[in-house]
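Here is a walk through the strands of one protein model. Keep the structure open as you read.

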Amino acid sequence: MNEFIEVKPISLKKGKGAFAKIDIKKGTTIDIGHVVLIPNKDFKSIKDTIIFNYTFEWDDPNTKGEFTNAIAFDICQFINHSYTPNITYYYDYENKTIEYVAVRNISMGEELTVNYNGKINDNAPVWFDVE
């Protein structure tokens with residue numbers, strides 16, 4: 001059970017989302033998601049499934065290009081996209097984890113969001129229509 005995050009339904013189109021269970025201070029690590037690396041040869045079969053929506057690009061130079069994608073099996077999978085996120089994430093290639101950190105103070109009940117493009121101010125289009 002995560003002390004910071006609860007998952008609740010949002011809408012039919014958006015599905016579920018992650019929400020703050022308590023007030024969260026800027027700089028707080030709210031989750032560390034452990035990832036499983038997806039071999040490139042297997043990723044091709046995932047690309048046209050719903051699982052694709054839950055994968056991350058994984059640019060670890062130590063994998064020599066064999067694994068360019070990963071999936072986290074964690075509550076963090078319910079953190080939705082926003083172009084004005086309140087969370088950012090960092091890859092820890094050595095431990096094969098993704099750390100989620102608050103970029104501003106977050107109020108209890110507020111939806112937790114990240115920019116799926118990887119950078120807070122990156123307004124490039126994503127692969128779905130943003131609500």
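How many bridges join strand S3 to S8, and in which sense do the two run? This is a predicted model. In it, S3 covers residues 29–38 and is joined to S8 by 5 bridges. The two strands run antiparallel.

S3 and S8 belong to an open sheet of 5 strands, in the order S4-S5-S3-S8-S7. Pairing in this sheet is antiparallel. Strand S4 (55–57) and S7 stand at the edges. Each has a single partner strand, so one side of each is left without a neighbour in the sheet. From one strand to the next, the twist averages 35 degrees. In general, the strands of a sheet pair through backbone hydrogen bonds.

Next, follow the chain from S7 to S8. Strand S7 spans 87–92 and strand S8 spans 97–102, and the loop between them holds Lys 96. Check the backbone here. Phi of Lys 96 is near 55 degrees, a positive value in a residue other than glycine. Most residues other than glycine have a negative phi.

Finally, go back towards the start of the numbering. Strand S1 (residues 5–11) pairs with strand S2 (residues 15–20) in the antiparallel sense, over 6 bridges. S1 and S2 form a hairpin, with 3 residues between them. Ser 11 has Gly 15 as its bridge partner in S2.

Terms used
Residues are numbered from 1 along each chain as its sequence is written. This is a predicted model: local features need pLDDT of at least 70, side-chain atom pairs count only at pLDDT 80 or more; totals for chains, interfaces and linings use all residues. Side-chain values use heavy atoms; hydrogens and water are left out. Helices (H or I, at least four residues) and strands (E, at least two) are DSSP runs, numbered from the N terminus. Two strands pair if DSSP finds at least two bridges between them. Axes are lines fitted to C-alpha atoms, for helices over the stretch in contact, and angles run from 0 to 180 degrees between N-to-C directions.
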